[in-house]
Amino acid sequence: MQTFRFWFSTFVSISQHNPYELIENIMLGLAAIMIIASIIFPVQKPCMTLGLSFAIGSAMSILVRQANTPSRRASVLKIGAILMLIISLYGFVDVIHKT
């Protein structure tokens, strides 16, 4: 029970201090899970499409957040978000084109 309370208090603390980054991380986690599931089970193309759209949304959110409130690691985040956006858009167009 104490471990659960620790994780819950950590989650609450993170969500209060930086809610946008929490949402971006949740979206990236869901995107990774869905893309991995669609690779393991190739029949699940809707999972690939939804995972790629989560990755695109998360990359756009990171770029907008960095434009509004720059941080010390802004250049690394921007480069990573731009690369993720390019790769996700290419994959999204490829999935749409194949169906």
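## Contacts of Glu24

Contact here means heavy atoms within 4.5 Å. In this predicted model, Glu24 touches Ser58, Ser61, Ile62 and Arg65, leaving aside residues up to four places away in sequence. Glu24 belongs to helix α2, which spans residues 19-40. With a relative accessible area of 2%, Glu24 is buried.

## The Glu24–Arg65 salt bridge

The number of salt bridges comes to three. One of them joins Glu24 to Arg65, with the closest N and O atoms 2.7 Å apart. This pair links distant parts of the chain, since Glu24 lies in helix α2 and Arg65 in helix α3, 41 residues apart. Arg65 has a relative accessible area of 15%; because buried means under 20%, Arg65 is classed as buried, as is Glu24 at 2%.

## The Glu21–Arg73 salt bridge

A salt bridge also forms between Glu21 and Arg73, whose closest N and O atoms are 3.3 Å apart. Here too the pair links distant parts of the chain: Glu21 is in helix α2, whereas Arg73 is in the loop between α3 (45-68) and α4 (74-98), 52 residues apart. Glu21 is partly exposed, at a relative accessible area of 22%, and Arg73 is likewise partly exposed, at 45%.

## The Asp94–Lys98 salt bridge

Asp94 pairs with Lys98 in a salt bridge whose closest N and O atoms are 3.6 Å apart. The two residues are four apart in helix α4, so about one helical turn separates Asp94 from Lys98. Asp94 is partly exposed, with 29% relative accessibility, while Lys98 is exposed, with a relative accessible area of 64%.

Technical notes: Residues are numbered from 1 along each chain as its sequence is written. This is a predicted model: local features need pLDDT of at least 70, side-chain atom pairs count only at pLDDT 80 or more; totals for chains, interfaces and linings use all residues. Side-chain values use heavy atoms; hydrogens and water are left out. Buried means under 20% relative accessible area, exposed over 50%, partly exposed in between (1.4 Å probe, protein chains only). A salt bridge is a side-chain nitrogen of Lys or Arg within 4 Å of a carboxyl oxygen of Asp or Glu.
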